[in-house]
Amino acid sequence: MSGLVSLEHGFTTLAFGAYLLGTVLYILYIGFRMESSAMFGRLFLGVGVVVHAVSVVLRGINSGHAPFSNMFESLSFFAWGVVIIFLIVEWRYKMAVLGGFAAPIAVLIMAYASLMSKEAAPLVPALQSYWLWIHVITCFIAYASFAVAFSASLMYFAKEDLNHK
């Protein structure tokens, strides 16, 4: 089982690295308007989402329960959701510039999660229900959507600030 745990941690680290590279590329896109930068940023975030998905599944297998029951798991799941929601919004509305505001949020969440204990503990009896899956996934979709909306508001304020100078 320890091999799966180190594999999970490796995938989490790879996802963080992909998110970080994607963030840097999106920030470069904002600064220099190079389409290739946004395209590669999108690619790195997409690869990060897939790698992170493997990490989340491995975490569920390793812990034997829903992969969002402690602080590390919750933050990791939240960052994953933020990137997924951002990629959906970018695909739908063609707003590559939003990546320079949304991707850093996921990177900061992952960085903070890395400070937490990664040890998986058994669920308390109150959480041993299928409602945990339904409730938490629904909440994290909402949290991730809110984080991307917050990013869009930051983007709007930054644009307005630049227009008035």
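Author: A residue is called buried under 20% relative accessible area, exposed over 50% and partly exposed in between, with a 1.4 Å probe and protein chains only. The model is predicted, so local features need pLDDT of at least 70 and side-chain atom pairs count only at pLDDT 80 or more, while totals for chains, interfaces and linings use all residues. Residues are numbered from 1 along each chain as its sequence is written, and side-chain values use heavy atoms, without hydrogens and water.

Reader: Is Phe140 buried or exposed?

Author: Phe140 is buried, because its relative accessible area is 13%. Tyr143, at 44%, is partly exposed.

Reader: How is a pair of aromatic rings described?

Author: The description consists of the distance of the centres and the angle of the planes. Rings of Phe, Tyr and Trp (its six-membered ring) pair if their centres lie within 6.5 Å; planes under 30 degrees apart are stacked, over 60 edge-to-face, and the rest tilted. This rule gives ten aromatic pairs. One of them joins Phe140 and Tyr143 edge-to-face, at 5.5 Å centre to centre and 90 degrees between the planes.

Reader: Where do Phe140 and Tyr143 lie?

Author: Both belong to helix α5, three residues apart, or about one turn of the helix. Helices are DSSP runs (H or I, at least four residues), numbered from the N terminus. In an α-helix there are 3.6 residues a turn, so residues three or four places apart point the same way.

Reader: Which residues do ring pairs link into a cluster?

Author: The cluster contains Phe68, Phe77, Phe78, Trp80, Trp133, Phe140 and Tyr143.

Terms used: Helix = DSSP H or I, 4+ residues; strand = E, 2+ residues; numbered from the N terminus.
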